[in-house]
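Dear colleague,

Please find below the structure I am handing over to you, together with its sequence. My notes on its charged side chains follow.

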Amino acid sequence: MTTRRKFVLGVCGGVTTAFISPRHAFPGIVGAAEYYVAKFGAIGDGMTFDGGAIQRAIDTAADRGGGRVLLRGGKQFLTGALILKSGIELHLADDAVLLASTKPQDYGIQAGLLNANGARGLKLTGTGNIDGQAMKFMTIYSESDERWEPKSFRPRMFSLKRCQDLEIAGISFGHSPNWGLHMLGCERVLVDRVRIRNYMDVPNCDGIDPDRCRDVEIRNCDIACADDAIVIKTSEQSEDFGVSRNIVVKDCVVTSRDSGLKIGTETFGDISKVLFERCKVASSGRGPTITHRQPGNIRDVEFRDIEVTTEHHAARWWGWGEPISVTTWPRDTAGRVGTLRNIRLRNIKGRGENSVRIDGQKGQPVEDVLLENIDMTIDRWTKYDGGRFDNRPTPPGMEGLEVHGTPVFSLRNARNVTVRDCIARWGTDREDYFTHALQAENVQGLKIEHFTGEAAHPDKERAIEIG
């Protein structure tokens with residue numbers, strides 16, 4: 001078993017946070033038997049329903065102590081919900097395709113195409129593909145919203161609960177009709193070299209969602225999806241699945257119409273010790289994002305060595321081109337939001353159509369924030385209206401799209417913020433609503449060290465505006 005390694009992040013506000021990298025690989029069963037689904041009756045012609053045969057192969061392997069359930073290349077296996085079990089390696093060889101059934105009765109009470117609850121030592125491997133057939137779960141297309149409207153039933157691709165020593169490596173999946181890789185309450189997880197290709201106009205088709213998970217590493221993934229690409233959350237549940245803690249995301253490339261790298265929006269439980277590093281946000285509505293809206297407490301988060309491009313999209317997609325967005329307020333009028341502190345954003349470079357935002361509540365600010373070596377260019381290249389902050393999701397009475405000028409850096413309702421070695425730039429199209437290099441409002445304990453930048457219109461505004 002590979003030992004864990006420790007590494008230490010930078011210091012912000014006098015606090016040093018140690019992360020423990022999850023294991024790089026999990027041991028298989030030595031000499032494990034292989035179970036070919038064809039021997040259990042699977043046809044693999046893409047039309048015959050093979051779900052029963054594949055499930056029999058899984059059940060037989062589990063009953064015999066585990067093993068590799070093999071789907072051969074050159075075949076398309078049509079299936080509904082499958083229930084994976086401890087000690088199973090589901091292997092999609094070569095170009096094998098697992099094809100999602102479009103019939104609700106083929107899923108029963110299961111939430112996803114691939115499901116597991118309490119499995120230990122589960123693996124999903126191979127170079128094959130899982131196809132969710134998203135278009136067959138959609139109804140009409142809205143030209144103004146630039147998105148499809150879904151039917152009432154649409155399965156998730158994965159629903160993996162309380163799994164331990166989980167490994168997902170090498171596979172591809174796409175055309176998700178709903179969430180993609182949803183892991184709830186899982187521990188000791190490795191997701192490596194996963195390729196996701198979802199439609200860019202299908203809502204809620206998140207890429208990877210670690211939800212109330214611990215000791216997770218996501219690496220070398222290539223994701224394109226309309227909704228959040230990689231999002232860490234603590235959703236509201238009727239039973240206790242624990243907190244989200246010790247999660248590392250590294251060396252990934254993502255494209256999204258919402259947030260590329262995100263914490264939230266569901267933050268009902270605590271989230272801590274999260275690192276995103278060496279990632280590229282090729283294009284998205286928001287880049288590195290924390291959207292805190294519920295009672296959990298979020299602390300000890302770092303985004304570092306990130307390349308980002310963000311732009312406006314049609315209004316129903318959240319995100320208005322913010323290359324960095326850290327916001328906190330309750331989602332409901334009577335709701336309560338927990339604390340958000342010790343956030344570090346370091347070595348981030350790119351361009352966007354909106355501001356780098358750190359924005360809390362007047363009575364409960366974002367605390368202990370470091371912005372270090374951020375080199376950001378604000379420009380304009382899409383057709384959508386600018387001059388707005390996207391505050392969504394918001395409680396009733398709060399503007400979702402707030403009319404606001406666009407500084408390069410916007411700091412509002414925060415405490416103990418350090419801006420160090422940052423550069424504010426403007427692109428070739430300086431809109432009238434482009435304003436300051438840095439604007440701060442109600443920020444206590446603000447430190448600005450070695451900041452470079454000018455106002456978009458120096459004859460009308462100051463480079464740095466503090467109020």
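Arg392 is buried, at a relative accessible area of 14%. Please bear in mind that this is a predicted model.

Arg392 forms a salt bridge with Asp390, in which the closest N and O atoms are 2.8 Å apart. Asp390 is buried as well, its relative accessible area being 1%.

Which side chain of opposite charge is nearest to Arg293? The nearest is that of Asp390, 7.4 Å away. A salt bridge requires a side-chain nitrogen of Lys or Arg within 4 Å of a carboxyl oxygen of Asp or Glu, and Arg293, although buried, has none. What the side chain of Arg293 does reach is the backbone oxygen of Asn391, at 3.2 Å. Arg293 itself is found in the loop between strand S29 (286-292) and strand S30 (298-310). Leaving aside neighbours within four places in sequence, the residues in contact with Arg293 include Thr265, Thr267, Trp329, Arg331 and Arg336. Asn391, Arg392 and Pro393 are also among these contacts.

Turning to the salt bridges in general, how many are there by this rule? The count comes to 43. Two further pairs are described here.

Asp375 and Arg425 form a salt bridge whose closest N and O atoms are 2.7 Å apart. Asp375 lies in strand S34 (residues 366-378) and Arg425 in strand S38 (residues 423-426), so this pair ties together parts that are 50 residues apart in sequence. Asp375 counts as buried, at 11% relative accessibility, whereas Arg425 is partly exposed, with a relative accessible area of 36%.

Asp251 forms a salt bridge with Arg278, and here the closest N and O atoms are 2.8 Å apart. The two residues are 27 residues apart and link distant parts of the chain: Asp251 is in the loop between strand S25 (244-250) and strand S26 (253-256), and Arg278 is in strand S28 (residues 271-284). Asp251 is partly exposed, with a relative accessible area of 29%. Arg278 likewise counts as partly exposed, at 41% relative accessibility.

Asp251 and Arg278 also belong to a network of salt bridges.

With kind regards

Note on methods:
Residues are numbered from 1 along each chain as its sequence is written. This is a predicted model: local features need pLDDT of at least 70, side-chain atom pairs count only at pLDDT 80 or more; totals for chains, interfaces and linings use all residues. Side-chain values use heavy atoms; hydrogens and water are left out. Helices (H or I, at least four residues) and strands (E, at least two) are DSSP runs, numbered from the N terminus. Buried means under 20% relative accessible area, exposed over 50%, partly exposed in between (1.4 Å probe, protein chains only). Lys and Arg count as positive and Asp and Glu as negative; His and the chain ends are not counted. A polar contact is a pair of N or O atoms within 3.5 Å; within protein, one must be able to donate a hydrogen and the other to accept it, and residues adjacent in sequence count only if both atoms are side-chain atoms. Contact means heavy atoms within 4.5 Å.
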